[in-house]
Amino acid sequence: MVVLRAGLCPGLTEDMIQLLRANGIRTVVDFVSSDLEDVAQKCSLSYKALVAVRRVLLAQFSAFPANGADLYEELKSSTAILPTGSPSLDQLLDSGLYTGEVTELMGAPGSGKTQVCLGIAASVSLGLKQHVLFLDSTGGFTASRLYQMLQAQTEDEEEQLEALQRIQVVRVFNIYELLSALQELRDRLSQQVTNQVTRDSSTGPLKPALGRSWSFVPSTRVLLESKEGNTQRAASLAKSPRQPTGIQVELDIGNGDVLEPSLVPPTQGL
């Protein structure tokens, strides 16, 4: 929801915004749905000026028809794909992480969610020379482990330091701070989040722990599960707008080895 601010459109001044806010009008929706005659009287503003502002706001924020070809060209020009550093994980995600989308890694505690995120952060920062914002909600971010991953990829200490400097860490302490941070990043970055899993019963299927409302937010969802051995993990595609669900790859989060993907029947209930 767009908040009214100075410069949003011609004629919308700071003085006008203050008067509107004093009468409970804070957003574009509030403004265009208000009775402008009533607003003009309560705010001591020119009715003609209010009508002109509303006309411009409606032109800027109303929905207009667009054809598929134009939308596709816009998508190609505005979307970037960031490799994760793992060829098989990239294959699972159809080439990597897509900007403007949320990719979710879900799994039980100890399934390797944080390790995978650290590996992706190291790869994007070192290999692509891109900045990374790591939102840590559990205290699981470990700088020493990240440094080990960077050392495994390059022996150049200067490159390691530069990669570390491109990774910023923000600790969020509740779901509201997390969602607020994600909202600020929306449509500007590729976003990856982690989530725990739960069951309706002891024998029920695994499902995301944040509930039904959250389940519609991620564009892509990957389930991580432990396998035999301390570092073996199975990564299964549970949701994707581009790939068939059920594809699985095996990861070794200890040394970065990734085995070839294998098709398996999709897990029911995710």
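User: Why is Val 3 called partly exposed?
Analyst: Its relative accessible area is 45%, and that makes it partly exposed (buried is under 20%, exposed over 50%, partly exposed in between, with a 1.4 Å probe and protein chains only). Keep in mind that this is a predicted model, where local features need pLDDT of at least 70, side-chain atom pairs count only at pLDDT 80 or more, and totals for chains, interfaces and linings use all residues. Numbering starts from 1 along each chain as its sequence is written, and side-chain values use heavy atoms, leaving out hydrogens and water.

User: Where is Val 3, and what does it touch?
Analyst: Val 3 sits in the segment before helix H1 (14–22) (a helix is a DSSP run of H or I with at least four residues, a strand a run of E with at least two, numbered from the N terminus). Skipping neighbours within four places in sequence, Val 3 is in contact with Leu 8, Arg 21, Arg 26 and Thr 27 (heavy atoms within 4.5 Å). Take Arg 26: it is 23 residues from Val 3 in sequence, yet their C-alpha atoms are 5.9 Å apart.

User: What makes Asp 136 buried?
Analyst: Asp 136 comes out at 4% relative accessible area, which means it lands in the buried class. You'll find Asp 136 in strand S4 (residues 132–136). Leaving out neighbours within four places in sequence, Asp 136 is in contact with Phe 141, Val 169, Val 170, Arg 171 and Val 172.

User: How do you know whether Ser 123 is buried or exposed?
Analyst: Ser 123 has 13% relative accessibility, so it counts as buried. Ser 123 belongs to helix H7 (residues 113–127), and its side chain reaches the backbone nitrogen of Gly 85 at 3.5 Å. Not counting residues up to four places away, Ser 123 touches Pro 83, Thr 84, Gly 85, Leu 128 and Gln 153.

User: Why are H7 and H8 called oblique to each other?
Analyst: Their axes cross at roughly 50° and come within 9 Å, with H8 covering residues 143–153 (axes are fitted to C-alpha atoms over the stretch in contact, and angles run from 0 to 180 degrees between N-to-C directions). That angle makes the pair oblique (under 35 degrees is roughly parallel, over 145 roughly antiparallel, 65 to 115 roughly perpendicular, the rest oblique). On the H7 side, the contact includes Leu 118, Ala 122 and Ser 123, which meet a set in H8 that includes Leu 146, Met 149 and Gln 153. By class, the contact has six nonpolar, four polar and one charged residues.

User: What makes H3 and H4 oblique too?
Analyst: H3 (residues 36–43) and H4 (residues 47–61) pack at about 130°, with axes 9 Å apart, and the pair is therefore oblique. Leu 36, Glu 37, Val 39 and Ala 40 in H3 meet Tyr 47, Leu 50, Val 51 and Arg 54 in H4. These residues divide into six nonpolar, no polar and two charged.

User: How many helices and strands does the chain have, and what share of its residues is buried?
Analyst: The chain has 11 helices and 12 strands, and 37% of its 270 residues count as buried.

Notes
Ala, Val, Leu, Ile, Met, Phe, Trp, Tyr, Cys and Pro count as nonpolar, Asp, Glu, Lys and Arg as charged, and the others, Gly among them, as polar. A polar contact is a pair of N or O atoms within 3.5 Å; within protein, one must be able to donate a hydrogen and the other to accept it, and residues adjacent in sequence count only if both atoms are side-chain atoms.
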